[in-house]
Amino acid sequence: MAIEKVVILGAGQGGVQTAISLRDNGFGGQITLVGDEAALPYERPPLSKSYLLGDKSRQSLQFRPEKFYANQRIETVLDDAAINVDRQAGTVLLRSGARLPYDHLVLAIGARNRRLPIGDDLDGILYMRTLSDADALQQRLGLINDVVVIGAGFIGLETAAVLRKLGKQVTVLEAAPRVMGRAVSLEISNFFADAHAAWGSKIVVNATVSGISGEAGKVNSVATADGHRYKADAVMVGIGVLPNTEIALAAGLVVDGGIVVDALMTTSDPTISAIGDCAIFPCQFANGQPLRLESVQNAIDQAKCVAHRLVGKPSGYVSVPWFWSDQGDLKLQMVGITSGAEQRVVRGDPAKREFSIFCFSNGKLIGIESVNKPGDNMFGRRLLATSAGLTPEQAADSGFDLKAHLMKATRPG
C-alpha cells in the first residue's frame, strides 16, 4: 500500500528531521508532526549551556520559523500528545481527543528525566531537559546562591559550569566513583573533575543522597549517606533519563530497554518506526549489540534513514556515533563507542587543555575522546566510517600525520 499519510509523534530533533527529510526526498503526502510542548520545535543541547547563560534567545533555539512548516506542508500539532495507538485501525488518539489516521507512524517520543525518589515535592528541586525546565532555573538565578547538582553526567556538569560562571556556589554530588563514569575514559573523567574543581565547584564522588530537607516547603539542604549535609537554595537533578516507551508497549510493540527496531529503524510492526532516544537498535560500532543512544547525531541520522525507506530508498543505519559536551571553556567530543576499550593512548598535552584519548579494543581503534581538539574528532568520524585502521603505535606518535593517513584511507580505488 502506498504511503500517503505519515504521522510523527515527537517534535524534537528526530521528529523534525524526519519531516524535513521526507520533503527533501520528494515525499508528497501528508505529514503531521505532533509535539507535547507549546513552543515551536527547538534545540535542547543549548538549554544547559548558552541558553541558561543568556547568550542564546528562545527564538534562536527554534529549528525552523513557523512559516517553514506551512511552506513545506508540515502540519504541526503542538501542546498535545498521543495517548493511544490503534494499530488495527491505523490511528493515533491525542490528549485533545483528536484522532489522526496514518499509513506510517514514526515514534520520535524521546525520553524523560529520572525523578528523585525523595524530596521531589519541595520547591527548588529542578531538572534540565525542556525549555520550561531551563526557564525555571534561569528565573531563580537572582534569588539563589548555593546550588547542589545531583549527578555528574553531561547535563549536571554542563549546568554546574554555567552556574559557577554566574557566580553561584556549586556542589556536585555523584553516586559513582567518578564523573561521567558511564560515558568516558578514566583519563577524561579525572581531567574534567579537576577542571570543575579549579573553576570552584565542589565535586563529591561516591556520594549517595539520603535525604533532602526543606523549610516552609522550600529546599534548604541535601544530605548524603556518609553523614554530610550540603546547603542548597536550589537542587538541580541530572540522574539520567528513561525512554518513553509506554505508548509503544500499550500498542503491543516489542520493548526491551527501549522500543526495539531493526537496522532500518522498523519496529515489530512494519507500519511503525522508532528513532532517537526512545529506540534501541543493533549498532555496528558495538559489534551489533543493541544500543539506545542519546545524541543529536543519532536522532538526525536515524530520521534520515526512516525517510529514505519511506520513499523507497532503504539503506541500513550505519552512521558513526558521535557526541559532544561543552563545559566552561572545554569542548569534549566523542566519536565511536569507547566503553569496551582495553587500551587507551593519549595524544596531545592535557596540561595545555588540548588532547585526545584514542581508544582501542584488540588493537582496533573503536573511538576517540577529544578535549579542544576538533580535528582529532573529525578524523575519527571519517576514519571509523571506513574499513581502514590505526594502530596504537601510530596514535601515540605525535609526528604521525593523521591527515595524510586519512587521505590515503579515503582515496578512491
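Predicted model: local features only at pLDDT ≥ 70, side-chain atom pairs only at ≥ 80, totals over all residues.

Me: Which elements each supply at least two residues of the lining of the largest cavity?
Reply: The lining includes Phe281 and Cys283, along with Gln297 and Asn298. Two elements each supply at least two lining residues: β20 (279–283) and α9 (296–310).

Me: How many residues of that lining are nonpolar, polar and charged?
Reply: Among the lining residues are Phe285, Leu293, Tyr317, Val318 and Pro321, as well as Gln284 and Ser319. By class, the lining has no charged residues, four polar and seven nonpolar.

Me: At what angle do the axes of α1 and α9 cross?
Reply: Two packed helices are described by the distance between their axes and the angle between them. Here α1 spans residues 13–24, and its axis comes within 8 Å of that of α9. The crossing is right-handed. Its angle is roughly 35 degrees.

Me: How many charged residues are in the contact of α1 with α9?
Reply: α1 contributes residues including Gln13, Gln17 and Leu22, and α9 residues including Ala299, Ala303 and Lys304. Seven of the contact residues are nonpolar and five polar. The charged count is one.

Me: Is serine 189 buried or exposed?
Reply: Serine 189 sits in helix α7 (residues 186–199). Beyond four places in sequence, serine 189 touches Arg178, Val179 and Val184. Its relative accessible area is 1%, and the cut-off is under 20%, so serine 189 is buried.

Terms used: Residues numbered from 1 in each chain as written. Heavy atoms only, no water. 1 Å grid on protein atoms, 1.4 Å probe; cavity = no way out; pocket = protein on both sides within 12 Å on 5 of 7 lines; lining within 4 Å. Helix = DSSP H or I, 4+ residues; strand = E, 2+ residues; numbered from the N terminus. Nonpolar A, V, L, I, M, F, W, Y, C, P; charged D, E, K, R; others polar. Axes fitted to C-alpha atoms, helices over the stretch in contact; angles between N-to-C directions. Left-handed = near helix turned anticlockwise from the far one by under 90°. Contact = heavy atoms within 4.5 Å. Buried < 20%, exposed > 50% of the residue type's maximum accessible area, 1.4 Å probe, protein only.
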